[in-house]
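Biologist: I've got the sequence and the model open side by side. Could you talk me through it, cut-offs included?

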Amino acid sequence: MPKKHLFALYGAAHFWVDLSCALLLFRTLSAQPDPALSLLLYNFCAFALQMPLGLLADRLDRNALVAAAGCVLVALAYGVPLTLTAVTAGIGNALFHLGGGIDVLNASRDKAAALGVFISPGALGIWLGTLWGKGAGVPLWLAPPVLAGLALAAVWLAYRVYGSLRSGNAPLDLAGQTGPIVPLFLVVVLRSYMGMNQQFDWKQGTWAAALVFALALGKAAGGVLMDRFGARRSAAVSLGLAAALYGISALPLPGTLAVFLFNMTMPVTLWAVARCLPGAKGFTFGLLTFGLFLGFLPSWMGWPSLLTGAWSYAAAALLSLTLLWKPLSAHAAEGQTANRDASNAAAAEGQAEQGHMANGQTVNGYTVNGWAMNGQAMRK
């Protein structure tokens with residue numbers, strides 16, 4: 001079975017897991033002894049805890065089981081005492097993101113389109129779950145059965161794809177290129193801070209919904225654009241245009257397009273940091289979500305925003321591009337070297353095969369299942 005079916009399920013589950021968490025939290029928030037503390041605990045468990053949990057997921061090498069466990073925990077959060085709701089839902093959310101995220105990262109290699117498709121539905125889920133949670137029309141019992149079904153489907157599809165519940169993670173190894181990680185991490189902190197603090201006077205009604213869809217579609221489109229034009233070029237175009245449009249974001253259409261463009265680098269950043277530590281993809285995924293948590297903290301603490309209007313948003317987009325430029329340049333050079341080495345190896349292999357054919361020789365006169373053998377496997 002193609003992996004795309006499993007990844008499509010992960011995308012749909014991402015939408016429902018985030019919706020379920022938002023629905024539960026906002027429906028029960030008023031009944032919490034300390035609503036602000038509940039929000040902090042949820043965000044800490046959902047985002048900051050992904051870093052240590054990511055190391056465990058990397059080592060466990062059972063990504064679908066980790067994602068399924070996350071779905072089950074979110075479902076159980078609907079039945080635990082109110083004091084445990086935020087922690088249970090947050091840990092479940094973290095586990096789902098790690099399980100699905102590592103699987104998608106493993107398959108992405110030099111591409112980012114699948115990453116964008118995986119991460120983009122979450123914004124829509126949070127938005128709709130928040131609307132449902134603040135109302136009373138949608139019953140809470142709707143979420144847990146769907147979560148249970150998604151958990152079973154993830155395990156079943158993963159077994160069909162991989163032939164076992166092992167996911168093929170690289171051996172856990174924290175060695176790698178650590179230099180580019182710092183600016184990539186800062187970009188995520190800045191993006192989170194922007195999301196918490198940018199304000200538009202026209203953000204209401206239809207335009208408020210348009211902003212949410214722009215954010216989600218920007219994440220999805222960013223991976224596709226990177227695959228087509230390269231990480232550095234796509235970041236330069238998207239963030240450069242975002243900065244220009246933020247300058248006139250007092251108008252709804254330019255502002256909405258700016259949000260779309262600004263979020264296009266999300267899958268690019270995730271792809272780049274995962275390449276820095278290929279033996280710890282869960283850890284790198286969690287490292288960036290820790291950056292999201294740090295960007296949330298100033299708003300939770302009530303600190304005044306450093307972003308004071310359209311041009312400050314434009315400056316933030318240009319700062320993001322500056323931080324990304326060197327790490328993405330390093331990855332571009334690495335990719336060119338890898339492609340050149342692969343091309344040279346393929347050419348040499350082709351020449352060797354042609355030489356064997358020209359001599360009209362077999363290797364020791366034996367073939368096994370179509371593979372010529374002389375102590376080494378040759379091309380089929």
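**A threonine, a helix and a pocket**

Biologist: Is Thr265 buried or exposed, and what is its relative accessible area?
Modeller: Bear in mind that this is a predicted model: local features need pLDDT of at least 70 and side-chain atom pairs count only at pLDDT 80 or more, while totals for chains, interfaces and linings use all residues. Residues are numbered from 1 along each chain as its sequence is written, and side-chain values use heavy atoms, with hydrogens and water left out. Buried means under 20% relative accessible area, exposed over 50% and partly exposed in between (1.4 Å probe, protein chains only). Thr265 is buried, because its relative accessible area is 3%.

Biologist: Which side chain makes a polar contact with that of Thr265?
Modeller: Thr265 touches Arg191, Ala235, Ser238, Leu239 and Leu324, not counting residues up to four places away in sequence (contact: heavy atoms within 4.5 Å). A polar contact is a pair of N or O atoms within 3.5 Å; within protein, one must be able to donate a hydrogen and the other to accept it, and residues adjacent in sequence count only if both atoms are side-chain atoms. At 2.9 Å, the side-chain partner of Thr265 is Arg191.

Biologist: Thr265 sits in the loop between helix 12 (252-262) and helix 13. How many residues of helix 13 are buried?
Modeller: Helices (H or I, at least four residues) and strands (E, at least two) are DSSP runs, numbered from the N terminus. Helix 13 covers residues 266-276, and its buried residues include Met266, Trp271, Arg275 and Cys276. The helix is mostly covered, and its buried count is eleven of eleven.

Biologist: What share of the whole protein chain is buried?
Modeller: The chain has 15 helices and two strands. It exposes about 17,900 Å², with 67% of that supplied by carbon and sulfur atoms (Shrake-Rupley method, 1.4 Å probe). Of its 380 residues, the share that counts as buried is 48%.

Biologist: Which helix gives the largest share of the lining of the largest pocket?
Modeller: On a 1 Å grid over the protein atoms alone, a pocket is an open set of points where a 1.4 Å probe fits, with protein on both sides within 12 Å along at least five of seven lines; lining residues have an atom within 4 Å of a point. The largest pocket holds about 1,700 Å³ of space, and Ala123, Ile126, Gly195, Met196 and Leu215 lie nearest its centre among 46 lining residues. The lining divides into 28 nonpolar, 13 polar and five charged residues. Its largest share, seven residues, comes from helix 7 (residues 121-134).

Biologist: How far apart are the C-alpha atoms of Gly11 and Gly116?
Modeller: Gly11 lies in helix 1 (residues 3-28) and counts as buried at 7% relative accessibility. Leaving aside neighbours within four places in sequence, Gly11 is in contact with Phe118 and Pro121. Gly11 and Gly116 are 105 residues apart along the chain, while their C-alpha atoms are separated by 9.6 Å.

Notes
Points joined across faces, edges and corners; volume = space filled by probe spheres on them. Nonpolar A, V, L, I, M, F, W, Y, C, P; charged D, E, K, R; others polar.
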